[in-house]
Amino acid sequence: MAFASACCSVHMSSTCHTLLRELEKIWKDIGETEADKDRMLSELERDCLEVYRRKVEEAANTKACLHQSVAAKEAEVATLMAALGELNINSLIQPEKKSVSLKEQLALVTPLIDDLRVKKDDRVRQFADVKTQIDKITSEISGYSNIINSVSSLNLEDHDLSLRNLSEYKSHLRALQKEKSERIQKVLDCVNEVHSLCGVLGMNFDRTVSDVHPNLHETSLGQSTNISTTALESLEQTISKLKTERKVRYQKLKDVAGLLFELWTLMDTTREEKSNLSRITSILRLSEADVTEPGALSWEVIQQVSTEVERLTKLKASRMKELVMKRRGELEDICYKNHIEPDPSTSADKSSAMIDSGLVDPCELLANIEAQINKAKDEASSRKDIMDRIDWWLSACEEENWLEDYNQDYRRYSGGRGAHINLKRAEQARNKVTKISIVVNTLINKTLAWEDEKQKLFLYDGVRLVSILEDYKVVRRQKEESKKRARNQKKLHDMLLSDKESVYGSKPSPRRSNSFSKTNGYRDNGHGSVTPSPRRNSTTCATPELLSTPRSNSARQNGYFKEMRRLSTVPLNFIGMAKEDTVSFSSISGSESESLPQG
């Protein structure tokens, strides 16, 4: 380098001298003076210095520009490295600055900058793609359709383009994508629920959903389902309104159907007539939330039921009197079967008169009778245990009467047809009769307990049951005492006969035979023959109707209790009974005296 500079200097020096000699020769030829020559040489020296100075300045400017370019490149490298989050490579370049020229330094930094710019552009595209998706999902969630240009929003000077920041953006994007997926599923669930509710209510689904947002059920190219918070809130509000409407309509249908069912019952509607609205019954068996049948709660169905109710109501008005009489008959039947006195205020005659006169609304009268029927059913249910015991008691009384007649039949031990059946029945009747007293006492206790619980008297055909049972106990006790006296008198009679037979000997007499026949239950029919005749006691506990009437016959029970009330109000004539027994004994004694020989 030095050698080349020296050679260049020598060549320039020789050239300058050659040019000076040629210039001096020209001046000489011209005839210039020495002063002019010196002046022109001075000018030439100044021109040469000016050229050198200009060249030095240009070189200095070039050096400064190279310094500035290198610094700018290094600054750009630092900026790109900071933006990309790369390691600072300036620390690797800095030690070589002293031994490397500026152009070499510039040549070293330029490829690095190109690589960093390519990497930056790629990173910017990644950020732009991620942020575009973020902005799009965010706009879908927020409900705003204007998406901000992600590329323009990335500030290359202060934006962080590092992989760490890119990873954060991607994490945020995944979270938004997950939220979008959840919102889409929620929107679909809400739309499906709206579709189901609209089907049940018979409403237009497309119109209902379009009121929320047009694209909730219509998807076209480039148009996505609205998943905004506003759309979800609107869907939830729509579902709430539809559920409220469903609840109102269900209750409306339930109320109207309740009237329909009542009218069906009152009008004795046939199954064929009910079949047209059998769908209503299946709907009302379900709860409100379980009704999913399309059109089940539409206004058409409710109007259909309402129309049928109006038709039956008009028909009911014309048949109200007939219905009132029928329900009154049912009330009386319930009361009759359970021996309860029906309310006389709604008797058939009074009800008919009130309806004909217009003094009372037939519907109110019918409702009053319905309430009385329900009350009678409730009371019958509470009386069931006691009524069952009354039936057992009456059956036992029947068996007791039958047993008395059976014991008075002198042919009961004969080998006739059916004798063994009567013997078996008699044994069962004896077992049953022995329990009557216990059952009556139990019946009194249960009746008193019922009265204490209900705070009212237990009436049987209008008479207090406890009074009937107490009277029965008195009558039964009197009957037992009468039987006991009869047995004692018979024993005394037998003793007198045996004493006379021991003194005078046994001598049958016609009157004595007749007397024994009467005792054994036979009665002379006036033609010289005798027929079996059941012996009756004036204090018997039952009437002849009980002998051949089935146990469940209410007429028999009514007759029996009337007889019991009659007996309980008429004192028993024990004196008359004693006189009859005395007369019978005297007649027997007289006949025996007449048959004795005369002393």
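Here are some questions and answers about the predicted model shown above.

Me: What should I know before reading the numbers?
Reply: This is a predicted model, where local features need pLDDT of at least 70, side-chain atom pairs count only at pLDDT 80 or more, and totals for chains, interfaces and linings use all residues. Side-chain values use heavy atoms, with hydrogens and water left out, and residues are numbered from 1 along each chain as its sequence is written.

Me: Which residues of helix α7 are buried?
Reply: Helices (H or I, at least four residues) are DSSP runs, numbered from the N terminus, and α7 spans residues 205–212. Buried means under 20% relative accessible area, exposed over 50%, and partly exposed in between, using a 1.4 Å probe and protein chains only. By that rule the buried residues of α7 are Phe205, Thr208, Val209 and Val212.

Me: Why do the buried residues of α7 line one face of the helix?
Reply: The arc is that of the directions from the helix axis to the C-beta atoms. Seen down the axis of α7, its buried residues line one face because they fall within an arc of 90 degrees.

Me: Which residues are exposed on the other side of α7, and which helices do its buried residues pack against?
Reply: On the other side of α7, the exposed residues are Arg207 and Asp211. The buried residues of α7 pack against two helices, α6 (163–201) and α8 (229–267).

Me: Which residue caps the N-terminal end of α7?
Reply: Look for a side-chain oxygen that lies 3.1 Å from the backbone nitrogen of Asp206.

Me: Is Asn401 buried or exposed?
Reply: Asn401 is found in helix α13 (residues 362–407). Its relative accessible area is 2%, so Asn401 is buried.

Technical notes:
Contact = heavy atoms within 4.5 Å. Polar contact = N/O pair within 3.5 Å; in protein donor to acceptor, adjacent residues only side chain to side chain.
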